[in-house]
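Here is a short tour to read alongside the coordinates. Open the structure in your viewer and follow along, one region at a time.

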Amino acid sequence: MTHTQKRIIINNVVMVLSTLSALVGIGFLFWILGVLVMNGIDALSWNIFTQEGAPPGYEDSGLKHALIGQFMIVGVATLFGVPLGILAGTYLSEYGQKSKLAETIRDISDIMMSAPSIVIGAFVYAIVVAPMGHFSGWAGSVALTIIMLPIILRTTDDMLQLVPSTLREAAFALGAPKYKVILQVVYRGAKAGILTGILLGVARVAGETAPLLFTSFNDNFLNTDMMEPMASLTVTMYNYATSPYEDWQKLGWAAAFILSMFILSLNILGRLFIMKRKGK
Amino acid sequence: MATIVDITQEKALEVNNFEFTYASADAPSIKKLDMPIAKNSITALIGPSGCGKTTLLRSFNRMHDLYPGNKYDGEILFKNRNILSPKEDLIKLRIQIGMIFQKPTAFPMSIFDNVAYGMRLQGIKNKTELADRVEKALRDAAIWKEVKERLKHDANGLSGGQQQRLCIARAIAVEPEVLLFDEPTSALDPISTAGIEELVVALKEQVSIIIVTHNMQQAARVSDYTGFMYLGELIELGHTEELFVTPKEKLTEEYITGKFG
């Protein structure tokens with residue numbers, strides 16, 4: 001075998017192996033989606049959106065309580081997390097810059113991003129649930145806010161730093177005060193990137209179960225009082241899917257399907273924003 | 001000592017015993033510099049990379065203050081006051097002394113909003129006044145004809161040369177008394193460059209201009225006075241023609257004849 005032949009063979013082997021590995025990865029993704037869609041669509045009905053939870057065996061049970069609970073918990077977390085994250089990211093990029101304090105905040109938020117979410121659930125249990133004496137929707141939102149914060153903070157920081165410093169200087173050179181430079185020029189330049197960060201942050205927390213088990217817990221019926229335990233799609237799914245009743249398992253599939261579609265569309269939307277920005 | 005031509009006309013700026021030290025440096029980047037800048041004229045600053053010409057230019061509108069730790073010494077007189085004084089109102093100063101950068105810096109907003117930006121900062125809200133002054137600035141910057149049909153379009157859709165003229169329009173819209181140009185054509189093609197040079201010459205009726213350039217031909221084409229800087233010092237300031245034809249300093253002669261730089 002000549003040197004060239006050997007090289008061609010090794011080349012092909014590497015190519016085939018890496019292609020196969022990629023296919024395995026994609027294969028699992030489509031397998032998951034396929035199973036979800038088949039079982040999910042099968043379980044979907046109008047009742048899902050209009051009925052609350054019911055004991056096993058009842059015809060008209062649904063996920064209305066979990067959908068509304070999920071929306072409220074994630075919504076409140078977004079209301080807290082987005083402004084906090086954007087302001088903190090603005091501090092890092094525009095004020096702290098390369099200072100010790102800013103670098104420390106960056107490091108800590110990177111660590112927080114990879115912290116197991118169940119630990120954050122336990123933390124919120126200790127600081128909110130235990131003093132209150134009971135689970136609550138608020139506690140769930142606090143846990144999700146803490147998980148969301150570092151994601152939005154870091155994307156905001158990164159995206160603001162991508163705005164060329166000459167653009168800031170040009171605004172200063174026209175006599176703009178710093179807050180106007182940030183609000184009118186820097187934010188505008190980083191708009192798409194920040195929005196992407198928000199979408200990805202929301203998508204990340206919307207799928208969390210562990211921190212909610214400790215905090216908002218669950219409720220089989222509709223509750224809109226954030227002071228009380230609250231249903232969420234993820235915890236409901238966990239309870240229903242692990243139950244021995246077939247109709248509850250079906251509801252679990254429906255919850256899984258709805259949640260996945262929601263998170264999938266947020267991710268796709270986020271990626272579209274990134275593409276649009278690059279296309280410019 | 002530097003050879004500095006006697007400027008008989010009124011002066012826009014006077015630099016006296018000026019020193020500048022960057023936060024990260026031990027030694028000053030500009031040393032004991034004296035330099036008069038003539039009013040309603042174009043003064044070009046030339047010199048090899050790192051000679052301090054851009055550093056000096058960015059001192060005139062206190063751009064260095066954006067980054068902590070930089071240090072000024074001496075004085076720069078503008079309208080009988082020392083603009084290096086800590087009491088100087090930087091917002092007012094930067095309205096009076098505008099700046100054009102190396103790369104075009106169109107803001108991510110419409111063409112109209114770009115030009116109106118500085119005026120709005122000053123609190124001008126009257127729509128007709130804004131529209132009139134935007135049009136005048138765009139005309140003065142020789143770009144009105146190209147953009148009048150698309151004032152509401154995103155400024156980033158313009159070509160590099162157009163964006164640079166837009167930035168000039170934005171700067172002159174607030175009616176500054178001095179305009180600082182930091183290598184304004186180094187990112188542009190020859191045709192756009194010629195357009196900007198023509199514009200700079202036309203603008204000296206309204207404002208005093210200081211232009212930093214790497215291109216000696218450009219300095220020779222547009223400026224009335226040329227200052228040659230080397231290692232943080234002003235070596236020679238003269239009438240442009242005299243400086244290029246009969247330089248008084250040996251270093252100047254070596255630089256303009258291409259012996260170093």
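## An exposed methionine in chain A

With a relative accessible area of 56%, A:M275 is exposed, because the cut-off for that label is over 50%. This is a predicted model, so please read every value here as computed from it. A:M275 has its place in helix α11 of chain A, which covers residues 246-279.

## Chain B as a whole

Moving over to chain B, you will find 10 helices and 11 strands in its secondary structure. Its radius of gyration is 18 Å, close to the 18 Å that the globule rule gives for 261 residues, so chain B is as compact as a globular protein of that length.

If you want the extents, the C-alpha trace of chain B spans about 55 × 40 × 35 Å along its principal axes. Of the 261 residues in chain B, 53% are buried.

## A covered helix

Helix α6 of chain B runs over residues 160-172 and has 13 residues. From its first C-alpha to its last it reaches 18 Å, close to the 18 Å expected at 1.5 Å a residue.

Is α6(B) mostly covered or mostly uncovered? It is mostly covered, with 12 of its 13 residues buried. Among the buried residues are the glutamines B:Q162, B:Q163 and B:Q164. The buried set also includes B:R165 and B:R170, along with B:L166, B:C167, B:I168 and B:I172.

## Strand β10 and its partners

Strand β10 of chain B, residues 225-230, is mostly covered too: 5 of its 6 residues are buried. Which strands pair with β10(B)? One of them is strand β4 of chain B (residues 42-46), which pairs with β10(B) in the parallel sense over 4 bridges. To find this pairing in your viewer, look for B:L45, which stands opposite B:G227 in β10(B).

Another partner is strand β11 of chain B (residues 233-239), and here the pairing is antiparallel, over 6 bridges. B:F228 stands opposite B:E236 in β11(B). Together β10(B) and β11(B) form a hairpin with 2 residues between them.

Technical notes
Residues numbered from 1 in each chain as written. Chains lettered and ligands numbered in written order. Predicted model: local features only at pLDDT ≥ 70, side-chain atom pairs only at ≥ 80, totals over all residues. Heavy atoms only, no water. Buried < 20%, exposed > 50% of the residue type's maximum accessible area, 1.4 Å probe, protein only. Expected span 1.5 Å × (residues − 1). Pairing = 2+ DSSP bridges. Rg over C-alpha atoms; globule rule 2.2 N^0.38 Å.
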